Amino acid sequence: MTILKSISLTVILILVFLFAQIGFALLFDIISTSEDFRSHYGITIIFSTLISYFTVLHFFCKPKLTFIIRHENIKINFRIILFLCLTALGLKLLTRPFLDSSEIFDYYLNAEFNPNYYIFTGIDSNLIYTHFGALLIAPILEELLFRRYIFKRLLKNYSLITAMVVSSSLFALPHLPAYENLIPAFIFGLVTCIIYYKTNKIIYSIIFHFSYNFLALLLDIYGKTIYQKMYGLEFNFTYWSIFITGVLITYLGLQKINEAKTL
């Protein structure tokens, strides 16, 4: 695969997703009231994601989705799963300053900032739909396309670093317009490429992706106190120590995955 083709696949994915969202938005606008839109938003995300990924994987990828799944060895090493969870935790800590970039700039430039975190007010249909997609749909379809297909095929024509950077950059693009999530998504892509490269099994990338998103769900529900204490640090030495700890945990997790693979 060439870099141009990988870019083209990603552009097609994004366009199909956008057109699907527009179609569902128009449909719900016709059959529901404006008060119902929020409850339908999660549904539109789920179905738009399914349509866009299945379109690209089925019509533009060779071999097709069913062939890819059928020829995967799903035998699992549970030691690796333990270190995948450890790596996911480290990556959560590592990427936090990038998510806080606006608050960090405001604090250092103006000595004040508005904390940015989700306040859990209870389980509603939108939360269920959003996290259903994040826990079950995204880990499978995103890993099959960006790691199992694009990254693996780029490796045939380019160096490991080039394949990682290109596939991770393309993986980050669909996370727009949330610009603050671009760098975390890119770093996530790099780490997941490493996991897939070291294990040569997409099931581990999927499990890692699930673990990372599951931690995000837990933070959405139970993280209010954690976020309050973290922002109470006002980006001091302790705050940045948490970031450094995340770097070390992520590195350690990846090293242990490599060791566990050989056992």
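At what angle do helix H6 and helix H8 pack, and how far apart are their axes?

1. Basis. This is a predicted model in which local features need pLDDT of at least 70, side-chain atom pairs count only at pLDDT 80 or more, and totals for chains, interfaces and linings use all residues. Residues are numbered from 1 along each chain as its sequence is written, and side-chain values use heavy atoms, with hydrogens and water left out.

2. H6 and H8. Helix H6 (residues 125–154) packs against helix H8 (residues 182–199) at an angle of about 65°, with the axes 11 Å apart; axes are lines fitted to C-alpha atoms, for helices over the stretch in contact, and angles run from 0 to 180 degrees between N-to-C directions. H6 is therefore roughly perpendicular to H8 (the term covers 65 to 115 degrees). Helices are DSSP runs (H or I, at least four residues) numbered from the N terminus.

3. Residues between H6 and H8. On the H6 side, the contact (heavy atoms within 4.5 Å) is made by Glu143, Arg147, Arg148, Phe151 and Lys152. H8 contributes Phe188, Gly189, Thr192, Cys193, Tyr196 and Tyr197. By class, these residues are five nonpolar, two polar and four charged; Ala, Val, Leu, Ile, Met, Phe, Trp, Tyr, Cys and Pro count as nonpolar, Asp, Glu, Lys and Arg as charged, and the others, Gly among them, as polar.

4. H6 and H7. The axes of H6 and helix H7 (residues 160–172) come within 9 Å and cross at roughly 150°. H6 is therefore roughly antiparallel to H7 (over 145 degrees). Among the contact residues are Phe146, Ile150 and Leu154 of H6, and Leu160, Met164 and Phe171 of H7. The contact of H6 with H7 comprises 10 nonpolar, one polar and two charged residues.

5. H8 and H9. Between H8 and helix H9 (residues 202–222), the axes come within 8 Å and cross at roughly 145°. The contact includes Phe188, Val191 and Ile195 of H8, and Ile202, Phe208 and Tyr212 of H9. Its residues divide into eight nonpolar, four polar and no charged.

6. Cavity. The count comes to one cavity of 30 Å³ or more, a cavity being a set of points on a 1 Å grid over the protein atoms alone where a 1.4 Å probe fits but cannot get out. The largest cavity has a volume of about 40 Å³, volume being the space filled by probe spheres set on the points, which are joined across faces, edges and corners. Its lining (residues with an atom within 4 Å of a point) consists of Leu93, Arg96, Pro97, Met230, Tyr239, Ile242 and Phe243. Helix H4 (78–99) and helix H11 (237–261) each supply at least two residues of this lining, which divides into six nonpolar, no polar and one charged.

Key: On a 1 Å grid over the protein atoms alone, a cavity is a set of points where a 1.4 Å probe fits but cannot get out, and a pocket is an open set with protein on both sides within 12 Å along at least five of seven lines; lining residues have an atom within 4 Å of a point. Angles under 35 degrees count as roughly parallel, over 145 as roughly antiparallel, 65 to 115 as roughly perpendicular and the rest as oblique.
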